Structures are given as C-alpha cells and as structure tokens.
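Here is a brief report on selected helices and residues of one protein model. Look at the sequence and the structure first, then read on.

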Amino acid sequence: MSTVRALARQERLEFADFLASLTPQQWSAGSVCRGWTVRDVVLHTIAYLDQSRTSLMVEMLRHRWSIDRLNAKALEHFADRTPDDLVEMMRRGIEPSGAGALFGGRVALIECLIHQQDVRRPLGSVRAIPHDRVRASLNYARISPVIGGGVCCTNR
C-alpha cells in the first residue's frame, strides 16, 4: 500500500505527463472552472507548489482572506510562463512541500487530482483515476479544514 505522499507524487507526475501532451489550442481551451482556461487552472495548481504554510497565511491575510484575489495575483505572477515552463514547474514540484505537504501530503494529492479533472473533462480526455487515490482524496475531503467538503475553485 502506498503512502499518501507517494500517491501525491504519482498524481503530480501523471498530471505533468498529461500537460506535456497538450496542444497550444488545448492550453487555451476553457476548463471546468468558470472563466478559467486550462492554462489558468494549471497556473493555479503550480502557484502553490513551493509556498510555505507561513507565506500562504501571509498572502491570505494580504488578500483579506479572498481566494479569488489570491488566485488572481498568482495568475498575474505566472502570466509570462510558457506551457513548457509550466510542465517543468509541475515536474519539479512532484514532492509535496510547503502547504501541499499539509495533512501528510493530502492537500497535494487532492489539489492535483481535482484540477487534473478540471482540465481533462472539457478536453474530452477521460481518465480512470486509481482507486487508492480516489479513496485517500475522498476520505480527506470529507473532513478537510481547508476544503470543508466544498470545491477548490470558488468560481465554479
């Protein structure tokens, strides 16, 4: 049986592999998150890979606890990155760290699992999610103080 951290690493690696296969048109396609392209969702996911718990709290405070404002700043910060840059950043962020390492890596796992679906579904790229990853994600989502049984993108 894999640890949650190992499941998160596998999920991130598969997400990076999928992203590497996208065409320029697919990067610009709409996602499940209303108003966001595939690229925007990927930027959102990558923006928090290296962020420490402390810096996340500081940024939340700075943005008056608004996830939407925090996400807008992140999208602006990474706006000049190419798809190849984003794939490389995802690959470098395979190991859950900072805020993603919270709760034994469960934050990293569920973030990539959910956002991978946010970009795959509109592109018609069906994926069978491994049962151990679904189980670990759902068990965490039920009780998560971060997710609270809700959705990650507040703009859905």
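## A histidine pair

In this predicted model, the side chains of His115 and His44 make a polar contact at 3.2 Å. His115 belongs to helix α7. The relative accessible area of His115 is 0%, so this residue is buried. His44 is among the buried residues of α3.

## Helix α3 and its cover

The N-terminal end of α3 has a cap, Thr37. A side-chain oxygen of Thr37 lies 3.3 Å from the backbone nitrogen of Arg39.

## Where α4 meets α5

Helix α4 covers residues 53-62 and helix α5 covers residues 67-77. Their axes are 9 Å apart, and the two helices pack at an angle of about 110°. Angles of 65 to 115 degrees count as roughly perpendicular, and α4 and α5 are therefore roughly perpendicular to each other. The crossing of α4 past α5 is right-handed.

Which residues make the contact? From α4 come Leu56, Glu59 and Met60. From α5 come Ile67, Leu70 and Lys73. By type, the contact has 4 nonpolar residues, 2 charged ones and no polar ones.

Gln117 is another residue of helix α7. Is Gln117 buried or exposed? Its relative accessible area is 12%, under the 20% limit, so Gln117 is buried. Leaving aside residues up to four places away in sequence, Gln117 touches Val32, Pro122, Arg127 and Ile129.

Val32 sits in the loop between α2 and α3. Val32 has a relative accessibility of 37%, so this residue counts as partly exposed. Val32 and Pro130 are 98 residues apart in sequence. In space, their C-alpha atoms are 21 Å apart.

How values were computed
Residues numbered from 1 in each chain as written. Predicted model: local features only at pLDDT ≥ 70, side-chain atom pairs only at ≥ 80, totals over all residues. Heavy atoms only, no water. Axes fitted to C-alpha atoms, helices over the stretch in contact; angles between N-to-C directions. Helix = DSSP H or I, 4+ residues; strand = E, 2+ residues; numbered from the N terminus. Parallel < 35°, antiparallel > 145°, perpendicular 65-115°, else oblique. Left-handed = near helix turned anticlockwise from the far one by under 90°. Contact = heavy atoms within 4.5 Å. Nonpolar A, V, L, I, M, F, W, Y, C, P; charged D, E, K, R; others polar. Buried < 20%, exposed > 50% of the residue type's maximum accessible area, 1.4 Å probe, protein only. Polar contact = N/O pair within 3.5 Å; in protein donor to acceptor, adjacent residues only side chain to side chain.
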